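Hi,

Here is the structure I said I would pass on. Have a look at it first, and then read on for what turned up.

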Amino acid sequence: MRSQLSEISNGTNGFDPRRDRRVIELPRTAALLDAHTRMRDHTASRENFVTHSRRVFRALLEAAVCELPFESIDVRTPPGHTFRGVRPTCSVCAVAVVRAGESIESEVWSILPGARIGKILIQRDRATSQPHLYYSHLPPRIGDGHVLLLEPMLATGGSLLTALDVLRAAGVTDDRVVVVNVLASPSGLRRVVERHPDLRIVTSSIEESLDINNFMIPGIGDFGDRYFGTDGHPR
Ligand code: PRP
């Protein structure tokens with residue numbers, strides 16, 4: 001039964017996330033690979049895991065901001081010259097898929113100081129991999145602006161789809177959502193973009209596939225447990 005489920009959830013049906021304009025994978029620079037290598041190593045201390053995760057979050061958020069609409073603006077520099085710059089044309093808030101998505105919040109504030117942050121608490125059932133929605137609390141009039149949806153792990157895609165249902169019910173259209181993601185499976189990406197064709201997903205790694213327990217390969221383990229120190233390892 002479990003392997004059947006995995007076969008079904010691994011189906012990509014010809015979908016190639018690297019050729020899909022809605023999926024933006026960060027360039028595999030040496031710096032990004034270095035951060036991934038340190039995070040993915042099973043001997044990594046929690047301190048190192050957090051430190052190198054934050055490097056990746058920063059790169060993801062800078063790329064996600066590029067997906068927002070901008071307008072031109074001139075500013076005067078201290079020597080009195082004109083610099084032709086840009087500024088976002090819309091309000092931006094973040095929504096964290098709790099628990100793992102909360103890890104990205106502090107980095108949001110380093111790029112967008114004071115940004116409003118909503119929460120959607122979803123937990124994936126350990127036996128069935130099905131997501132359960134427990135709670136949500138979003139900023140008022142969230143549909144008026146753009147949303148950075150913080151979800152580090154996209155395995156079957158079930159949790160992200162549940163979060164997107166919550167945003168849609170709150171009046172947020174998909175074209176105003178940019179997902180900020182660390183690892184994504186090809187089959188999970190396919191499931192999500194099929195149901196949300198106007199969405200954009202910025203990820204730092206498209207993984208190979210899912211294992212029979214619906215964990216990603218090569219993967220990183222349970223991101224929330226490793227980041228928050230609840231994985232039972234006293235590292
Ligand atoms: C993990 C992860 C994602 C979800 C991804 O959450 O943080 O939210 O699973 O899996 P999916 O794409 O198959 O739905 P989990 O429910 O384990 O909670 P956590 O954030 O507390 O670790």
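This is a predicted model: local features need pLDDT of at least 70, side-chain atom pairs count only at pLDDT 80 or more; totals for chains, interfaces and linings use all residues.

Two strands pair if DSSP finds at least two bridges between them. By that rule strand E2 (residues 70–76) and strand E3 (residues 82–88) are a pair, antiparallel and joined over seven bridges.

Confidence over the protein chain averages a pLDDT of 93, and 95% of the residues score at least 70. The stretch to treat separately is residues 1–8, where the pLDDT is below 50. In the model, that stretch has 12 contacts beyond near neighbours in sequence.

Now the helices. Two packed helices are described by the angle between their axes and the distance between the axes. For helix H2 (residues 30–40) and helix H3 (residues 46–65), the angle is about 150 degrees and the axes are 9 Å apart. Angles over 145 degrees count as roughly antiparallel, so H2 is roughly antiparallel to H3. The crossing of H2 past H3 is left-handed.

Which residues of H2 and H3 meet? From H2 there are Ala31, Leu32, Asp34, Ala35, His36, Arg38 and Met39. Their partners in H3 are Phe49, His52, Ser53, Arg55 and Val56. Sorted by class, the H2 contact with H3 is made up of six nonpolar, three polar and three charged residues.

Last, some backbone spots to check. Most residues other than glycine have a negative phi, and most peptide bonds are trans.

- Arg99 is in the loop that runs between strand E4 (92–98) and helix H4 (105–111).
- Ile217 to Pro218: this peptide bond is also cis, with omega near 5 degrees. Pro218 belongs to the loop between strand E12 (216–217) and helix H7 (223–228).
- Arg141: its phi is positive, near 55 degrees, and it is a residue other than glycine. You will find Arg141 in the loop between strand E6 (131–137) and strand E7 (146–150).

Cheers

Definitions and conventions: Residues are numbered from 1 along each chain as its sequence is written. Side-chain values use heavy atoms; hydrogens and water are left out. Axes are lines fitted to C-alpha atoms, for helices over the stretch in contact, and angles run from 0 to 180 degrees between N-to-C directions. Helices (H or I, at least four residues) and strands (E, at least two) are DSSP runs, numbered from the N terminus. Angles under 35 degrees count as roughly parallel, over 145 as roughly antiparallel, 65 to 115 as roughly perpendicular and the rest as oblique. A crossing is left-handed if the near helix is turned anticlockwise from the far one by less than a right angle, and right-handed if clockwise. Contact means heavy atoms within 4.5 Å. Ala, Val, Leu, Ile, Met, Phe, Trp, Tyr, Cys and Pro count as nonpolar, Asp, Glu, Lys and Arg as charged, and the others, Gly among them, as polar. pLDDT is the predictor's confidence in each residue, from 0 to 100.
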